[in-house]
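Open the model in your viewer and keep the selection panel at hand. The tour goes stop by stop.

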Amino acid sequence: MTVGAEQLAPEGWTEAESRLWEMFRCSEVLDLSAGDLAADNPADGAHWGPKRTVRAEVLARLLLSGPDALPGKVRGLKLIGARIAGRLWLAGGRWESFVELHDCYFDTGAVLSEAHAGTVRLDGCWLPRLDASRLDTAGDLVLARCTIPYGVRLTDAQIGTDLIANYLTVGGDQFGRGFSADGLTVHQDFEADRLTSDGEVSLRTARVGGRLSLRGAQLHGRPGKPNCLNAARLTVGSTCYLTGWRDPKGNPAWAPQSRDPSGSPLAGSAAAAAQAAAQAQLNNVPDVRYSRTQNDPGPYHTGAVPGPFHGGGVPAPRPGLANIDDADDGDQEEREQSMYGQDFGDVTDDGTIPFRAYGGVRLDDAHFEAAVLINNAEFHLNGKQELSLRRVQTPELRFTTKTPPTGTVALSRARVGNLVDTHTAWPRNHKVRLTGFSYEALRPPEGTTYPVGQRIDWLDAGLDKFRPEPYEQLAAALRRDGLDDDARHVQYAKQRRRARTLPLPGRVWYRLQDITVGYGYRPGRAALWLLAAWLVGTLWFAWHQPEPMKHDEHPHWNAALYAASLVLPIVNFGQDGWAPAGFSQWLSAALVVTGWVLASTVVTGATRVLQRG
């Protein structure tokens with residue numbers, strides 16, 4: 001075998017493998033597909049013949065000790081529609097060549113543990129399992145639209161730029177985990193929109209430098225396992241999206257390009273290339289316009305791929321934007337919102353797919369630099385399963401699901417800047433844990449209101465037993481917004497809730513306080529009782545004038561002023577010269593005590609009003 005530009009493929013290699021050898025030297029694409037959707041379905045790749053088969057050891061040889069690049073070229077492994085025979089074993093290897101496999105079928109799977117790579121893209125492939133623990137890539141790792149029945153392992157992997165797992169479908173391993181990535185580090189974004197997992201997605205202690213997007217994901221926990229998503233101690237440098245996925249086909253900016261610049265309809269290979277580019281943009285994978293035969297939909301054509309596990313389907317291709325260079329600024333902004341999750345996921349039109357969790361979701365001790373968005377989401381929880389956000393720290397938490405989770409929502413000791421929520425999003429079965437939960441401000445979603453009465457109902461219906469902290473936290477947040485009246489309503493509701501927890505004597509005493517002075521938070525009620533006491537005294541003493549203390553020296557009798565001097569003892573109305581006896585004496589004493597209690601309550605309430613003014 002010669003060196004340099006004259007290197008030839010090793011003897012004994014098949015025709016397809018020899019062609020791949022040559023194309024590797026100049027980073028060209030080897031397309032072994034038949035150009036037919038049914039025939040190219042990777043789920044049926046076990047039946048592909050020798051002409052479409054490449055041994056895994058050939059791929060390993062090319063990447064680890066392959067030939068030199070042709071002059072003026074770079075090396076790259078690009079393969080479409082091939083059956084990879086045997087296990088692709090690259091554990092501990094090191095290579096810089098670009099790797100891109102589309103719609104390929106792996107007999108046994110791939111092992112990339114502790115490997116050092118450039119960029120690795122697997123798009124629309126079917127492989128039993130991917131083990132890439134401690135993988136270190138300088139560029140992207142793409143698993144878009146792949147089907148991996150026995151799970152993905154990325155424990156302690158280091159991804160240099162983005163991790164793209166849109167439309168990925170995974171099953172569980174022997175431990176019930178579908179996507180195991182504890183300790184994962186992604187330096188930029190981690191996208192897993194429309195991810196389907198039949199096993200726990202584990203991201204414990206993972207670090208994502210940009211955003212984490214799980215829009216439209218369908219997560220299923222295994223029986224006997226508490227969680228379908230376990231991301232305790234997760235760190236995200238931007239926003240976390242547990243939201244619905246909006247089909248961009250409803251956006252005119254995503255309409256497939258069907259005409260050339262002259263206005264004539266596209267046909268043949270041009271139309272196929274436009275469709276391929278549209279699908280590439282939709283799935284957030286690179287627009288690589290390979291040369292295709294006429295009527296061939298291109299490398300991004302994977303249709304439904306049935307799998308041997310729950311949810312084993314990959315969506316059929318959808319139309320997208322064909323020529324992004326021709327889009328105006330408005331279309332570009334809308335496209336970025338659809339692709340990169342800048343919206344809040346609240347869209348409810350046809351084509352929206354909610355985020356669904358069939359099992360517990362654990363985000364305990366997670367830290368988010370921008371926000372956590374939980375919108376258009378469904379949480380199907382059983383038994384002791386929870387949506388657990390204990391000790392979460394984030395500048396904003398948006399919780400606006402249409403239907404409340406069926407289990408417990410735990411926010412104990414979480415710290416949030418803005419809490420954006422709706423009344424219908426919270427469980428009403430006394431399954432909200434708010435002990436130590438703190439937030440700076442309450443913000444209803446755009447275009448909606450959240451009256452204080454509904455806020456109080458949120459606490460009363462959610463808490464399993466009385467705790468004063470959630471009421472105090474709510475009142476403090478309302479006062480920070482200048483809503484002192486609403487804050488007093490909350491404090492009043494706190495006392496009424498406390499009364500229901502007391503024994504009978506305590507409930508009687510609290511009930512008396514409620515009726516008379518509203519626990520001090522309803523001064524108007526005290527004023528009415530004060531007026532009623534004055535009326536009672538006036539009517540009684542109008543018919544039962546007391547004897548004067550001195551018959552030759554006493555003020556002119558006035559029953560109304562005398563009753564007022566009793567209920568307002570701090571005010572002298574000039575009626576001090578009378579000496580009531582019998583029942584009138586007891587009534588006078590009762591009016592004095594009532595006056596002191598009620599008048600002090602009224603004065604306290606008036607002072608609050610003056611201070612607020």
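How many bridges join strand β22 to strand β26, and in which sense do the two run? Select residues 196-198 for β22 and residues 218-220 for β26. Three bridges join them, and the strands run parallel. Keep in mind throughout that this is a predicted model.

**The open sheet**

Now pick out the rest of the sheet. It is open and has six strands, in the order β14-β18-β22-β26-β32-β36, with parallel pairing. Select 147-148 for β14 and 377-380 for β36; these strands stand at the edges. Each has a single partner strand, so one side of each is left without a neighbour in the sheet.

Next, walk across the sheet residue by residue. Start at Ser197, whose bridge partner in β26 is Leu219. From Leu219, step to Ala357, its bridge partner in β32. β26 and β32 run parallel and are joined by three bridges.

**The nonpolar cores**

Nonpolar side chains tend to be buried together in soluble globular proteins. The largest nonpolar core here has 114 residues. Select Leu79, Phe179, Phe190 and Leu203, the members that touch the most other members. Then show helix α2, residues 56-65, which gives the most to this core, with six residues.

Zoom in on Leu79. Setting aside neighbours within four places in sequence, its contacts include Leu20, Leu30, Leu32, Val54 and Leu59. Ile84, Leu101 and Cys104 are also among them, as are Glu100 and His102.

Another core lies apart from the largest one. This one has eleven residues, including Ala533, Phe541, Ala559 and Val567.

Go to Thr408, in strand β39, residues 408-410. Is Thr408 buried or exposed? Its relative accessible area is 10%, under the 20% cut-off, so Thr408 counts as buried. Show what it touches beyond four places in sequence: Leu381, Gln385, Glu386, Leu387, Lys431 and Arg433.

Then select Cys228 and Cys240. Cys228 is buried at 0% relative accessibility. Cys240 is buried too, at 1%. How many disulfides does a search of the whole structure find? The answer is zero.

Color by pLDDT. The chain mean is 78, and 72% of residues reach 70 or more. Select residues 251-266, where pLDDT stays under 50. The model has 31 contacts for this stretch beyond four places in sequence. Move on to residues 276-349, where pLDDT is also below 50. This stretch has 198 contacts in the model beyond near neighbours in sequence.

**Zoom out**

Finish with the whole chain in view. It has eleven helices and 44 strands. Of its 613 residues, 53% are buried. Take the contacts between residues at least 6 apart in sequence: 55% of them join residues at least 24 apart.

Conventions. Residues are numbered from 1 along each chain as its sequence is written. This is a predicted model: local features need pLDDT of at least 70, side-chain atom pairs count only at pLDDT 80 or more; totals for chains, interfaces and linings use all residues. Side-chain values use heavy atoms; hydrogens and water are left out. Helices (H or I, at least four residues) and strands (E, at least two) are DSSP runs, numbered from the N terminus. Buried means under 20% relative accessible area, exposed over 50%, partly exposed in between (1.4 Å probe, protein chains only). Contact means heavy atoms within 4.5 Å. A disulfide is a pair of cysteine sulfur atoms within 2.5 Å. A nonpolar core is a set of buried Ala, Val, Leu, Ile, Met, Phe, Trp, Tyr and Cys residues joined through side-chain atoms within 4.5 Å. Two strands pair if DSSP finds at least two bridges between them. pLDDT is the predictor's confidence in each residue, from 0 to 100.
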